[in-house]
Amino acid sequence: MNRKIKIATASALSMAMILSITACSEEGDPALTTNADYGPLTDYVSTVVDDYKASLAGSFNADIEVKDKIKYLGWWDIDETQGAAVLFKQVYGVPGEGTNIFDYTNVTYNDRYAKLTELVTSGQSPDIFQFEISNFPYTAAKMLFQPIDDVIDFSNSIWDRNREAMEKFKWDQKTYCAITTVNLDDLLFYRRSVVAENNLTDPYDLYRAGTWDWNSFLDMCDKFSDPANGKYCIDGWRVPDKFVSSTGKALIEINSEGKLQNNFYDADIERCMSTVVDTMFKENYRYPRHELNNWSINISEWCKGNILFYCDLSNSIKDTSNIQAGFKREGWEAGDVFMVPIPKDPNSDKYYSAMKNDSWMLCGGAQNTAGFAAWTLCCMATAYDDELARISDEKIMVDYDGYTQEILDFLRELQFDNVLTPVFDFKGGIGTDIVTGVTDDPINALTNHPYLDGLGGGDEHGESATFTTLREQYLGVVQKRIDDLNNGNI
């Protein structure tokens, strides 16, 4: 492959797009970068500027002029030396004074939507905000974001590779998400040394053999499990929801008419909950964090080898301090921490997986639509470039412990080789007043109680709650909100 940006056809993802987010910052000004003045990246981007401009020829985005800094409200720091930012500066220059593209307003994670609402309703709207499926389409219905069909020229062929995914995010037939990548979500992380010490088959080998499914996962759990001696099989975030997604179904989806619909009575979802999720609870395979760790996950126990699998985002090797500490202080070998996708449904011939999308949202009332469009296009252009991926791989393996070329290659394989079929679940996007993020809200209770503690909605005989009993308990309030959103009554 030659040294040109493969805007519509390249198969590799720049690891800068998967792994470029710097550490979250709770207060003060964001740190701009972790890899400033990285010469090879800057030098390479300069060779593809003409290709980028040519890709926009004939579109209404061809002659963008960015006069003002892009107002960014966020809880993490944009790396202004990643490929997208370097390309932006070389094509559009640095707007205003100084060296930064962005005018930052930092906010804590928990306050992000309250702050966004405050700024939009007071006429001080930021320009961009990171997309989160966990609060969409409620945020669009509340006009915290605005449609972008007149801002981005989606007739341009550069959007072909993500066009199908963008259709799944249309709300009321309008485009809100210019998807630059369909990105990995949670994976199952494990330590190869722990697997070997317990005489288990490496899950990656099972994956390669085509036998990594619910059955082989539960069989491995059965062999490892020893709750009496503090040995559990899985911990991490959103475990039952990710197994539900492996059926290929979403609890709540946006249908082809741009409306929300619930799939609470889907037979495959019921089967997943009544078999694999119930088994993790009944056999005590999952780490009982409600009993042992004040409802919090326990990554330390996973690091010690007392928990077999840890479910978390694909960048966990880099962004989880406990894992980095394990390599530094405990002397783990590079590559000891590895990952596999959520095991597939044995009734399916595909690996269905919950996926995210990388997309910047144009905030309601934002004025700098040129800056939004230019930044989005630069993100799209640099997301699929093989040479940027190679450069980023080299830098990641220097900057962070634990990474190997095998890991980085496998992440790209999962990302772009049609290994995983994306599932997008909008169960969290019906409003934070209903989906509060705690175990007892009407959405999270459906999957968390049967998985974690068996509480809530149990029958008169004292039996543990099941997905079906909880569904009857919460369906009314969920469906009413869905109807209100679909009918524009929010």
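Is R412 buried or exposed? In this predicted model, R412 counts as buried because its relative accessibility is 10%, and the cut-off for buried is under 20%. Its salt-bridge partner is D409, with N and O 3.0 Å apart. D409 counts as partly exposed, at 38% relative accessibility. Both residues belong to helix 19 (residues 405–416), where three residues, or about one turn of the helix, separate them.

| Salt bridge | N to O distance |
|---|---|
| E167 and K170 | 3.3 Å |
| K249 and D266 | 2.9 Å |
| D409 and R412 | 3.0 Å |

Take E167 and K170, whose side chains meet in a salt bridge. E167 is partly exposed, with a relative accessibility of 44%, whereas K170 comes out buried at 19%.

Now for K249 and D266, with their closest N and O atoms 2.9 Å apart. This one ties together distant parts of the chain, the two residues being 17 residues apart. K249 sits in the loop between helix 11 (239–245) and strand 7 (252–254), while D266 is in the loop between strand 8 (260–262) and helix 12 (267–282). K249 is partly exposed at 26% relative accessibility, and D266 is buried, its relative accessible area being 18%.

Conventions: Residues numbered from 1 in each chain as written. Predicted model: local features only at pLDDT ≥ 70, side-chain atom pairs only at ≥ 80, totals over all residues. Heavy atoms only, no water. Salt bridge = Lys/Arg side-chain N within 4 Å of Asp/Glu carboxyl O. Buried < 20%, exposed > 50% of the residue type's maximum accessible area, 1.4 Å probe, protein only. Helix = DSSP H or I, 4+ residues; strand = E, 2+ residues; numbered from the N terminus.
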